[in-house]
Amino acid sequence: MSGGILIIGAGQAGMQIADSLRENGYEGGITMVGDEQIPPYQRPPLSKGYLYGEADEESLQFRNEKFYADNRIELVLGDAVVDVTTTVSGGVATTASGRKLTFDKLALAPGSVPRKLEIPGSDLDGVLYMRSIADARALKSRWDSANSVVVIGGGFIGLEVAAVARKAGKSVTVLEGADRMMARAVCPITSEYFKDAHERRGAEIILNARIDHFEGADGKVSAVALQDGTKIAADIVMVGIGVLARTEVANLLGLELTNGAILVNEFAETSNPLVVAAGDAVMLPNPTGAEGLVRLESVQNAVDQAKTAAKTLLGEREPYRALPWFWSDQADLKLQIAGLSTGYDQTVLRGNPDEDTFSVLYYKNGRLIAIDCVNHVSDFMAARRCLAAGNNIDPTAAADSAVALKTLISES
Amino acid sequence: MPQVTYILPDGTESTLEAREGDSVMETAVKNGIRGIVAECGGACSCATCHVFVDEAYADLVGGPGDLEDDMLDGAASDRRETSRLSCQIKMSAAFDGLRVEIAPKQV
């Protein structure tokens, strides 16, 4: 047998590529390399259920040992590819521990790493990030003894941790550099609502925050100092200011990058014909069919694009078409988003933000393109179905909250 | 360990031992049972782990919570009297022998 398929990256996308290869009947060898010590696991609960103590490390794992054995998926864990060479028909990767892994085809699913905040004091103990199980352990080990938590970045991750901290009775301050929260993901109505909702739950929110440095004692962080002189006490600082695509292996291969991410086409093909790529680290053609390239940091994209990549590896090329969707559970607030709202020219509000149950529908030229839902699952499900099918919901009719959204879906 | 039996859409059955505290969804996915998609990993956000609980166990397992109830209304397969999202059913010794039928369409 020849070298089979090598998957570099053992996260959500890497796992899905391996699974889909077997589901589609691939009989050759599959090796998956991950630099973490434990088998592939779910990341989303790290900032929620794991922190609450509702999920432990074993429950987070995607598959059990028997699955990997039965499906002949070889896991190489706690190791990283440091060199890779390809020919026209295959290649060989060398890991940090010196293993040589030969392959016929290569799949990259390297994921991303948190963007670091480099300011004076950022190396103090207690300045933490949230991406890996190691990050989550570091946060959890300091959690019970921490009274004050400062969250830097009012995005999904930061607000999820802030919500857990408030439920645990900690003093919480969220520092956001922009003039509203989750600005990349949602419209101003939803941003404003989340600011109010977190404030009502006892968090302090500071927008347009300009952070100067961290203060500490005995090597441990003790406060965050703003440029205006404000000092905020902090036993823990959780930094959630976005992620950077991991491109180490793509660079070794000389793959084409765009905006710091691995460029792929609608078949998940990179600029090297032996190499596909999927997940957080790639820039891909908008899967809704709209123009332009997008980078999608989500479970849905990792899973669905990985399925496309697996098909391509098997020579069954199918263009990637999917409806992006996202969720963020912030204590009792369930935010669900379907579609990409970029370029919207109209919004319609349903329900009542004051009652913590509402939806915002986004329209472009009279067509529904996306929805944000807060504790409004019926609207989410209806809109998701509508968008996935390429249907529409009349904006005027949608404004009547008393009418169920699913009854308003039309085929034109 | 409590056992749970999955009846797949093609009629075949698979019985697994569940770790107590793992959900019916997690038990299936970890063992590679096809048909339960579980896109959101158990956050009650996607309705792709829809099962029909065997009527003999329906009272024991109980009905869905409010959010789950709304998710089930929008699930890809029409709901039935004993529909649940399997991510919301935690396995315990009391549920030993549980039987669930996987809804035919999840996405």
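What is the handedness of the crossing of α1(A) and α9(A)? In this predicted model, the crossing of these two helices is right-handed. The axes of α1(A), which spans residues 12-23, and α9(A) come within 8 Å and cross at roughly 40 degrees. This angle makes α1(A) oblique to α9(A), because angles under 35 degrees count as roughly parallel and those of 65 to 115 as roughly perpendicular. From α1(A), the contact is made by Q12(A), A13(A), Q16(A), I17(A), S20(A) and L21(A), whereas the residues contributed by α9(A) include V299(A), A302(A), V303(A), A306(A), K307(A) and L313(A). By class, the contact of α1(A) with α9(A) has 10 nonpolar, four polar and one charged residues.

Helix α9(A), covering residues 299-313, is also among the elements that give two or more residues to the side of chain A that touches chain B, the others being α4 (65-70), β23 (325-330), β24 (333-339) and α10 (377-388) of chain A. In total, 23 residues of chain A are in contact with 18 residues of chain B. On the chain A side, α10(A) gives the most, with five residues, and the class composition of that side is 10 nonpolar, eight polar and five charged residues.

Elsewhere in chain A, four strands form an open sheet of mixed pairing, in the order β18-β19-β21-β22. The edge strands, each pairing on one side only, are β18 (257-258) and β22 (293-294) of chain A. Strand β21(A), residues 282-285, runs antiparallel to β22(A) and is joined to that strand by two bridges, with P285(A) standing opposite L293(A) in β22(A).

Technical notes: Residues numbered from 1 in each chain as written. Chains lettered and ligands numbered in written order. Predicted model: local features only at pLDDT ≥ 70, side-chain atom pairs only at ≥ 80, totals over all residues. Contact = placed C-beta atoms within 7 Å. Nonpolar A, V, L, I, M, F, W, Y, C, P; charged D, E, K, R; others polar. Axes fitted to C-alpha atoms, helices over the stretch in contact; angles between N-to-C directions. Parallel < 35°, antiparallel > 145°, perpendicular 65-115°, else oblique. Left-handed = near helix turned anticlockwise from the far one by under 90°. Pairing = 2+ DSSP bridges.
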